[in-house]
Amino acid sequence: MSLKIYIGGKLYDKADAKISVYDHGLLYGDGVFEGIRAYAGKVFRMADHVDRLYDSAKAIHLVIPMSKAEMAEAINSTIKVNNLSDAYVRLVVTRGAGSLGLDPRRTSDPQVIIIADSISLYPAELYETGLKIVTAGTMRNHPGALNPRIKSLNYLNNILAKIEGTNAGCLEALMLNHKGEIAECTGDNIFIIKHGEVHTPSIDSGILEGITRDAVIEIARSIGLQVTERIMDRHDVYTADECFLTGTAAEVIPVVECDARPIGDGTPGPITKDLLKRFHQIAREG
Ligand code: PMP
């Protein structure tokens, strides 16, 4: 059975799920999105994702043509109609079709698109052996230009850094902010462990406030770990005892090397493994 894709309240077969080439989402990357997971049929942190989507939309002056409750209902029903239980959902709201020219007033009819599918970002064995990452030369968007807190359809900043990573043989790349501080990876937030404490760049380092990041901070604190959100630099990563990344698609994945320096003993550390296990348990329990 072909996947059913939600567009503006209707369901279409994957092959027929299309929007206008005049949509400013395509022409200018003018729109917002979310990546969401469901475990055993239940969406993980639905309210947080829906809130972040509406916040991103507000920041770009985009009025989403439905309520948050209707959006949550549309996400749930798209998962259900596709008979999915563990799913990855891509929720997109475009500015809508209009005439050529940047002005959003030239558009009408923002398109709400919900794709419920699956995703496998990294090979399963990397969750055991850990990822190698490199620092990208491409800096993370300056918050005064396009704030990384907005999850917009403009992902070229991240894609350029991702290409640098893959060219260097790494599946993720570390991005620095305009001050040379650690921001985040191209699609994941970063954490380190030093002397048994957890550290992660603060939101004002110019990052997306990851929902997995928030969940992992809560889990870590709930088991008595000290978590500090602060300004960090590459020295902190190079000299960390452990390092891991978080993201909806990635979940929690160990990092064992950065810029050709082994992190800790070059294998996933015990706190990382424990947090990974606990995250899985919590995600599956809802
Ligand atoms: N940073 C960036 C740039 C991202 O695109 C994402 C999501 N893919 C994340 C961090 C992680 O956020 P979340 O845990 O909400 O998926």
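Buried means under 20% relative accessible area, exposed means over 50%, and partly exposed is what falls in between. Keep those cut-offs in mind. Aspartate 274 has a relative accessibility of 23%, so aspartate 274 counts as partly exposed. One more thing before we go on: this is a predicted model.

Let me stay with aspartate 274 for a moment. Its salt-bridge partner is arginine 278. The closest N and O atoms of that pair are 3.0 Å apart. Both residues sit in helix 8, residues 270-285. They are four residues apart there, so about one helical turn separates them. And arginine 278? Its relative accessible area is 30%, so arginine 278 is partly exposed too.

Now the overall layout. The domain assignment gives us domain 1, residues 4-117, and domain 2, residues 126-285. Taken over C-alpha atoms, the domain centres lie 26 Å apart.

How many residues of each domain are in contact with the other? On the domain 1 side, 25 residues; on the domain 2 side, 20. Together the two domains bury about 1,900 Å² between them. Of that area, 62% is on carbon and sulfur atoms.

We count 11 residue pairs in polar contact between domain 1 and domain 2, with both residues at pLDDT 80 or more. Which elements of domain 1 each supply at least two residues to the side that touches domain 2? Helix 1 (24-28), strand 3 (31-39), helix 2 (46-59) and strand 5 (87-94). Strand 3 gives the most, with eight residues. By type, that side of domain 1 divides into 11 nonpolar, seven polar and seven charged residues.

Next, salt bridges. As a reminder, side chains of opposite charge can pair when their charged atoms come close. The structure holds 16 salt bridges. Two are found across the interface of domain 1 and domain 2.

Take glutamate 218 and arginine 45. They form a salt bridge, with the closest N and O atoms 2.8 Å apart. Where do they sit? Glutamate 218 is in helix 6, residues 211-222, while arginine 45 is in the loop between strand 4 (42-43) and helix 2. So this pair ties together parts that are 173 residues apart in sequence. Glutamate 218 has 47% relative accessibility and counts as partly exposed. Arginine 45 is partly exposed as well, at 23%.

One more pair: glutamate 257 and lysine 132. Here the closest N and O atoms of the salt bridge are 3.8 Å apart. Glutamate 257 lies in strand 14 and lysine 132 in strand 7, residues 131-135. The pair therefore ties together parts that are 125 residues apart in sequence. Glutamate 257 has a relative accessible area of 23%, which makes it partly exposed. Lysine 132, at 44%, is partly exposed too.

Last, two residues out of the solvent. Is threonine 246 buried or exposed? Buried, because its relative accessible area is 0%. Threonine 246 lies in strand 13, residues 242-247. Beyond its neighbours within four places in sequence, its contacts include Asp188, Asn189, Phe191 and Thr212.

Valine 252 is in strand 14, residues 251-258. At 2% relative accessibility, valine 252 counts as buried. Which residues does valine 252 touch, leaving aside neighbours within four places in sequence? Tyr127, Val216, Phe244, Leu245, Thr246, Leu276 and Phe279. Look at phenylalanine 279 in particular. Valine 252 and phenylalanine 279 are 27 residues apart in sequence, yet 7.4 Å apart in space, C-alpha to C-alpha.

Note on methods. Residues are numbered from 1 along each chain as its sequence is written. This is a predicted model: local features need pLDDT of at least 70, side-chain atom pairs count only at pLDDT 80 or more; totals for chains, interfaces and linings use all residues. Side-chain values use heavy atoms; hydrogens and water are left out. Domain bounds come from an automatic or database domain assignment. Contact means heavy atoms within 4.5 Å. Buried area is the accessible area (1.4 Å probe) that two parts lose on being put together, summed over both. A salt bridge is a side-chain nitrogen of Lys or Arg within 4 Å of a carboxyl oxygen of Asp or Glu. A polar contact is a pair of N or O atoms within 3.5 Å; within protein, one must be able to donate a hydrogen and the other to accept it, and residues adjacent in sequence count only if both atoms are side-chain atoms. Ala, Val, Leu, Ile, Met, Phe, Trp, Tyr, Cys and Pro count as nonpolar, Asp, Glu, Lys and Arg as charged, and the others, Gly among them, as polar. Buried means under 20% relative accessible area, exposed over 50%, partly exposed in between (1.4 Å probe, protein chains only).
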